[in-house]
Amino acid sequence: MDKIDLPANHRRSFSSTLFLLEKMTEEIRETLLSEKKLRMQKVDKDLDEAKKESVMKVLDALEAEIARLADKYQLPPQELVESHFLNARKSKAWEILNDSFSKRMSGFGKFPPELAKTFDADIENLLKLVNRL
């Protein structure tokens, strides 16, 4: 296979596209095969085994095509340092939680004042747990 040298800007853009496609592919696989019971997400298992098998074959083909294109366009994998990944996720969780305090939820209507203290204490508790990561 001929290798193609894309300009740097196009290489970064296409690399990001393939990265996100690969993550979506893995998420689909994980959701269809997982027996995990998440508290905040319920997955109704409505696909029969034949459909799941068909989807898995397409996911395998997608992953193979992603690998082929990454080689063809000389796209290096994004390097992930565990500590950086953890810190990025902690920062994002911190941001989401801080936007959840009662005073920040005014865009959804007036927060009931009688609930604010307890609600904010629960958010604070979540923040303390996130900070322990």
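User: Is Arg29 buried or exposed here?
Analyst: This is a predicted model, and in it Arg29 counts as buried because its relative accessibility is 14%, with the cut-off for buried at under 20%.

User: Which residues does Arg29 form salt bridges with?
Analyst: Asp60 is one partner, with the closest N and O atoms 2.9 Å apart. Asp60 sits in helix 2 (residues 49–72) and Arg29 in helix 1 (residues 8–33), so that pair ties together parts 31 residues apart in sequence. Glu63 also forms a salt bridge with Arg29, at 3.0 Å between the closest N and O atoms. Glu63 is in helix 2 too, so this pair links parts 34 residues apart in sequence.

User: And how accessible are Asp60 and Glu63?
Analyst: Asp60 is partly exposed at 41% relative accessibility, and Glu63 is partly exposed at 27%. Through shared partners, salt bridges join Arg29, Asp60 and Glu63 into one network.

User: How many salt bridges are there in the whole structure?
Analyst: Nine. Among them is Asp44 with Lys42, where the closest N and O atoms are 2.4 Å apart. Both Asp44 and Lys42 are exposed.

User: Switching to helix 3, which residues are buried there?
Analyst: Lys90, Leu97 and Asn98. Seen down the helix axis, they fall within an arc of 95°, so they line one face of helix 3.

User: What do they pack against?
Analyst: Helix 4 (113–131).

User: Where is Ser102, and what is it in contact with?
Analyst: Ser102 is in the loop between helix 3 and helix 4, and counts as buried at 10% relative accessibility. Beyond neighbours within four places in sequence, Ser102 contacts Phe111, Ala116, Phe119 and Asp120.

Note on methods: Residues are numbered from 1 along each chain as its sequence is written. This is a predicted model: local features need pLDDT of at least 70, side-chain atom pairs count only at pLDDT 80 or more; totals for chains, interfaces and linings use all residues. Side-chain values use heavy atoms; hydrogens and water are left out. Buried means under 20% relative accessible area, exposed over 50%, partly exposed in between (1.4 Å probe, protein chains only). Helices (H or I, at least four residues) and strands (E, at least two) are DSSP runs, numbered from the N terminus. The arc is that of the directions from the helix axis to the C-beta atoms. Contact means heavy atoms within 4.5 Å. A salt bridge is a side-chain nitrogen of Lys or Arg within 4 Å of a carboxyl oxygen of Asp or Glu.
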